[in-house]
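User: I would like to learn how to read cavities, salt bridges, cores and backbone geometry in a model. Please take them one at a time.

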Amino acid sequence: MARVYNFSAGPSCLPEDVLKECAAEMMEYGTTGQSVMEMSHRSKAYEPIIQDAEAMIRKLMNVPENYKVLFVQGGGSTQFAMVAQNLGIKNKKAAYIETGVWAKKAAAEAKHLGVAVDVIASSKDKNYSYIPKVEKVEGDYDYVYICFNNTIMGTHFEYIPETGNIPLVADMSSCILSEEIDVSKFGLIFAGAQKNLAPAGVTLVIVREDLIPEPDACLPGTPTMSMYKTHADNDSMYNTPPCYTIYVLGKVLHWIEKNGGAAGINKLNVEKADYLYNFLDSSDFYHATTEVGSRSLMNVPFLTKYSNDLTKAAAKVDEAEQTAEQKAALAKEKEINAKFVKEAEAAGLVNLKGHRLVGGMRASIYNAMTLDGVKALVEFMKKFAENN
């Protein structure tokens, strides 16, 4: 069977060149006589692998010397807690810009740990379809938190909030290395690997050294493994790291470098996203769900003409209160979405089902997705519209 175009929001597609390299080295890495999967993380064979991964992150993202690059486990969701446990320690107060599910969950985790959370801006009023503008943040906050790219809602920060001396924390899980970023404008950046960097299993953390507290300064009850200092002092190897995932991550980073680094990859990402958004904006059958000026290059949710004001109104009331017309409209919308996903899969375009909070479909077009893949999707969408 031929490889499909995988539009999954994560875990997502990986560069084919990287997959081929990993396959070639599966039985033996170099002249070690063993697979990376079998290596001790303390061995001389593995040491250069993790060191190279860190060096490539520093090079591709131009990470300042006073920042630590860490490889930790637990995904982005664990960072919701670790950020609060390590940074929310002075005034136990933080500002959150709520732009969707993940920012909301991060705020809830901070509250759970005793940090006073101020939601200083939110786009909830329009189902998180835009990024609210926050020019400047002031106050006695320990940190300001944003989700830079919202995977579910398909929105992206086109600006960096001005926070002065307040450290800015950014979840970049679904947009890391898809564009050039000035790391020095952030106190801490984290990213789960399973979208743009590697298979699931490792989370990248880039944190300014002065923000790493001593163990007794973290929030009371913080476990050793949840302290950034634990990982910083042990070169990310306090315990066994996700060795193979870090190995793949290193290969993806070299692939990014070969393709022009963050700037080169961003140029391709803009081309892919423009191709898809331009089609959506010119279509009478489909429409994008996010507002112009807040659109993600990575995640593109879209609806069909069967998702309209009638279905929106019906979705806001209990099923028992829906009119016959509303119920029929919702049934038709559900039917057409299911048909789209099924026929797309048959055409080799997989994982296009939209998230339940948005509905419709979602195409995640991360770094490894090719322009040919996006063009194939648009051609399918044209034919589907003609037939439906």
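This is a predicted model: local features need pLDDT of at least 70, side-chain atom pairs count only at pLDDT 80 or more; totals for chains, interfaces and linings use all residues.

User: How many cavities of 30 Å³ or more does the search of the whole structure find?

Analyst: A cavity is a set of points, on a 1 Å grid over the protein atoms alone, where a 1.4 Å probe fits but cannot get out; lining residues have an atom within 4 Å of a point. Points are joined across faces, edges and corners, and a volume is the space filled by probe spheres set on them. The search finds 2 cavities of 30 Å³ or more.

User: Which classes of residue make up the lining of the largest cavity, and what lines the second largest cavity?

Analyst: For the classes, Ala, Val, Leu, Ile, Met, Phe, Trp, Tyr, Cys and Pro count as nonpolar, Asp, Glu, Lys and Arg as charged, and the others, Gly among them, as polar. The lining of the largest cavity has 10 nonpolar, 4 polar and 1 charged residues. The second largest cavity holds about 40 Å³ of space. Around the second largest cavity are Asn-149, His-156, Cys-175, Ser-178, Glu-179, Ser-296 and Leu-297, which divide into 2 nonpolar, 4 polar and 1 charged.

User: How many salt bridges does the rule give?

Analyst: A salt bridge is a side-chain nitrogen of Lys or Arg within 4 Å of a carboxyl oxygen of Asp or Glu. The count is 13. In one of them, Lys-126 pairs with Glu-291, with the closest N and O atoms 3.6 Å apart. Lys-126 is in the loop between β4 (116-122) and β5 (143-147) and Glu-291 in the loop between β11 (286-288) and β12 (299-304), so the pair ties together parts that are 165 residues apart in sequence. Helices (H or I, at least four residues) and strands (E, at least two) are DSSP runs, numbered from the N terminus.

User: Which residues have the most contacts inside the largest nonpolar core?

Analyst: In soluble globular proteins, nonpolar side chains tend to be buried together. A nonpolar core is a set of buried Ala, Val, Leu, Ile, Met, Phe, Trp, Tyr and Cys residues joined through side-chain atoms within 4.5 Å. The largest core has 63 residues, and Ile-57, Phe-71, Met-172, Leu-177, Leu-197 and Ile-206 have the most contacts inside it. Helix α6 (residues 243-258) contributes the largest share of this core, 10 residues. Another core, of 29 residues, lies apart from it and includes Leu-280, Tyr-286, Val-300 and Phe-340.

User: What is there to read in the backbone?

Analyst: Most residues other than glycine have a negative phi, and most peptide bonds are trans. Here a cis peptide bond joins Gly-10 and Pro-11, with omega about -5°. Pro-11 is in the loop between β1 (5-6) and α1 (16-24). Leu-177 has a positive phi, near 60°; Leu-177 is in the loop between β8 (168-171) and β9 (188-192) and is buried at 4% relative accessibility. Lys-92 also has a positive phi, near 50°, and is partly exposed at 36%.

Terms used:
Residues are numbered from 1 along each chain as its sequence is written. Side-chain values use heavy atoms; hydrogens and water are left out. On a 1 Å grid over the protein atoms alone, a cavity is a set of points where a 1.4 Å probe fits but cannot get out, and a pocket is an open set with protein on both sides within 12 Å along at least five of seven lines; lining residues have an atom within 4 Å of a point. Buried means under 20% relative accessible area, exposed over 50%, partly exposed in between (1.4 Å probe, protein chains only).
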